[in-house]
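Q: I would like to learn how to read the strand pairing in a sheet. Could you take me through it, beginning with the general idea?

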Amino acid sequence: FAPTHEPLLSRMPFRSPAGEDHNLALPADPLERFEQLLTALCKADVAFVVIGGMAAVAQGSSYVTADLDICYQRQPHNYQRLSQALHPFHPQLRGAPSNLPFVLDAATLKAGLNFTVTTTGGDLDLMGEVTGLGDYEAVKAHAEEVELYGYRVWVLTLAGLIRSKQA
């Protein structure tokens with residue numbers, strides 16, 4: 001008889017656009033937790049760089065993160081790709097009243113800069129600019145491509161992470 005180890009799960013409260021409360025079971029491993037979101041972004045050919053705690057995890061850190069942070073390219077074609085990729089995950093503003101109308105579409109992305117949202121795939125921070133580094137092109141200059149889930153993904157380097165945290 002060999003002991004079995006169930007994967008650790010965390011519970012994430014989620015309110016659907018219709019106002020229904022759900023508790024979603026999410027894998028405790030951050031790389032597994034955000035696989036669906038990252039895969040959707042890659043399949044939609046969204047121009048983005050993984051930043052924050054998830055970048056540290058992808059670079060080998062044991063840091064535990066509760067959300068996925070990305071810096072996205074602020075171009076019209078990318079707004080459309082990003083909003084379409086995230087649509088199936090029902091993004092809602094994190095920390096905002098549940099009755100506040102919100103649609104994450106190309107017009108919203110163009111009108112704003114940084115968004116913190118809750119999705120059915122986990123919490124996601126969309127950053128148009130990163131303090132200490134700048135916009136997508138500047139952030140990408142401090143990133144390297146790594147393979148995640150069979151896709152080549154730009155991930156902020158440890159030096160880039162340190163630079164952004166020191167700003």
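A: Let us begin with the term itself: two strands pair if DSSP finds at least two bridges between them. In general, the strands of a sheet pair through backbone hydrogen bonds, either parallel or antiparallel. The model shown here is predicted, and in it five bridges join strand β4 (residues 67–72) to β7, the two running parallel. Within that pair, D69 has D125 of β7 as its bridge partner.

Q: Which strand is joined to β7 by five bridges and runs antiparallel?

A: That strand is β6 (residues 115–119), which is linked to β7 by five bridges in antiparallel fashion; here T118 finds its bridge partner in D123 of β7. With two residues between them, β6 and β7 form a hairpin.

Q: In what order do the strands of the open sheet lie?

A: The open sheet has seven strands in the order β5-β6-β7-β4-β3-β11-β10, and its pairing is mixed. Because β5 (92–93) and β10 (143–148) stand at the edges, each with a single partner strand, one side of each is left without a neighbour in the sheet.

Q: Are the residues of strand β7 mostly buried or exposed?

A: A residue is called buried when its relative accessible area is under 20%. By that criterion strand β7, which spans residues 122–127, is mostly covered, with five of its six residues buried.

How values were computed
Residues numbered from 1 in each chain as written. Predicted model: local features only at pLDDT ≥ 70, side-chain atom pairs only at ≥ 80, totals over all residues. Heavy atoms only, no water. Buried < 20%, exposed > 50% of the residue type's maximum accessible area, 1.4 Å probe, protein only. Helix = DSSP H or I, 4+ residues; strand = E, 2+ residues; numbered from the N terminus.
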